[in-house]
Structures are given as structure tokens and as C-alpha cells.
Amino acid sequence: MSAPVFVVAHGFTGALERPHVRRVVERLAGYGAVVTFSFRGHGGSGGRSTVGDREVHDLAAAVRWARELGHTRVATVGFSMGGSVVLRHAVTHKDSAEERTDAVVSVSAPARWYYRGTAPMRRVHWLVTRPEGRLVGRYGLRTRIHDRDWDPVPVSPVESVPHIAPTPLLIVHGDQDGYFPLDHPRMLAAAAPGHAELWLEGGMGHAEHAASDELLGRLGAWVAARAG
């Protein structure tokens with residue numbers, strides 16, 4: 001069986017050249033090929049971020065490119081915003097031979113939109129919704145953020161999860177995540193009983209920064225055993 005290709009979807013304000021994203025890429029490379037990219041509005045990519053809405057199309061393009069390179073076993077691995085994107089993409093592109101995924105790993109993802117229950121998420125909402133916040137995003141974080149509200153509001157991650165089966169699905173979340181508490185991963189897993197696998201990681205914080213090399217190794221092995 002050929003090794004899988006991992007298509008890595010970074011979190012909000014990340015980019016393919018950021019050290020924490022590069023570390024994820026390097027660790028997963030021990031289990032297969034890796035394709036990564038910067039979402040729209042992030043790093044060197046054009047456009048403006050829609051914070052998880054139209055980014056589904058960016059991921060689909062990366063998956064399509066991976067298949068054009070000749071890879072037949074494709075897994076999407078997303079973190080935080082990217083974690084919500086891989087869940088939605090697995091449904092919206094499920095019937096596309098070129099853009100579908102064969103396994104999904106969602107790390108530190110929200111279950112529902114507009115969550116403001118933690119101080120870090122209130123800061124994110126300020127960054128996204130306020131003109132001065134978007135200036136900080138552009139010049140301080142190299143993230144250009146769209147100034148329009150979602151219209152229509154995209155289907156939420158928890159509404160997407162029940163439709164991912166039979167594609168293998170792994171949900172990973174840290175019990176010290178300062179952005180999204182444990183009700184988020186539990187909601188996601190409960191939406192696909194008997195299908196979604198849930199790993200609650202003791203001592204782990206949020207997204208790429210908090211994912212240990214040991215955890216990334218387990219993710220790589222999980223995908224290698226299930227994709228395709």
C-alpha cells in the first residue's frame with residue numbers, strides 16, 4: 001500500500017512559512033508526503049481571510065493539486081480554523097473524485113460559530129470585527145481579513161460531522177485549550193456516534209503550537225493505517 005499524502009490546513013493567522021506549521025510538516029513527513037499552503041489572506045497568499053468560510057475552496061484546490069501529483073491516498077489535517085475547514089470540506093467535496101479526502105483529522109476545532117466564551121476568542125472577534133483589529137491583523141500578523149459578515153452563514157462544523165461517514169474521522173483536542181473548552185470536541189464526536197474517534201489530550205493547549213512531536217507521530221500513524 002502506498003504512503004498517504006497529508007494536506008495540512010493551518011490555523012487563523014498561520015501560514016506555510018511559520019515555524020509551528022513547518023514543524024507539523026516535518027513531523028508528518030515521516031509518514032508520507034506532505035502538501036501545505038497558506039489560506040487566502042494569510043502570509044504570501046492573495047485575497048482576504050473569511051475566517052473559515054471560503055477557505056474550504058482553498059483546501060479543495062490543495063487536495064486537487066495533491067491528486068494531480070499522483071497521490072491516491074489523501075488525508076486532510078487541520079488545526080483550529082483549519083480544523084473547522086477540513087470538517088466542512090469532507091462534506092462539501094465528498095462526491096468529487098479530484099477534491100475529496102480519504103481521511104480527516106481535525107485538531108483544536110470549534111464545534112459552532114461565533115463562540116465568545118473565552119478571553120482569547122473575544123480577542124479574535126475584536127481582531128475580525130473591528131477596523132482597528134483588522135489593521136493589527138494586516139500589519140502585525142500578516143493576515144488580511146475580510147470586512148464583511150458571512151452571508152449566508154456557512155454550515156457549522158458540528159452540522160457537518162454527521163455527513164462525513166464513511167470517511168475516517170479523528171477529532172483531537174487538548175484539555176488545556178484556552179480558546180475552545182472541551183464541550184466543543186465532545187459535541188463534534190457526539191454528532192457522529194460510532195464513527196468519529198475522539199482523542200482528548202492531557203496537558204495540551206491549542207492547535208499547532210501545542211501539538212507535541214509525539215502526538216503528531218500518532219496522527220501520522222493513524223492516517224497511514226486508515227486513509228484509502
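Start by selecting Trp113 and Trp150: both are buried, meaning under 20% relative accessible area with a 1.4 Å probe and protein chains only. You are looking at a predicted model, where local features need pLDDT of at least 70, side-chain atom pairs count only at pLDDT 80 or more, and totals for chains, interfaces and linings use all residues. Residues are numbered from 1 along each chain as its sequence is written, and side-chain values use heavy atoms, with hydrogens and water left out.

Now look at the two rings. The centres of Trp113 and Trp150 are 4.9 Å apart and their planes stand at 70°, so the pair is edge-to-face; rings of Phe, Tyr and Trp (its six-membered ring) pair if their centres lie within 6.5 Å, and planes over 60 degrees apart count as edge-to-face.

Keep Trp150 in view and select Asp53. Which residues does Asp53 touch, not counting those up to four places away in sequence? They are Arg88, Trp150 and Pro154, where contact means heavy atoms within 4.5 Å. Asp53 counts as buried because its relative accessibility is 17%.

Next, pick Phe37 and Phe39. This aromatic pair is edge-to-face too, 5.0 Å centre to centre with 85° between the planes, and both residues are buried.

Finish at Arg218 and Trp199. The charged end of Arg218 sits over the ring of Trp199, 5.1 Å from the ring's centre; for Arg, this requires CZ within 6 Å of the ring centre and within 35 degrees of the ring normal.

Notes: Buried means under 20% relative accessible area, exposed over 50%, partly exposed in between (1.4 Å probe, protein chains only). Rings of Phe, Tyr and Trp (its six-membered ring) pair if their centres lie within 6.5 Å; planes under 30 degrees apart count as stacked, over 60 as edge-to-face and the rest as tilted.
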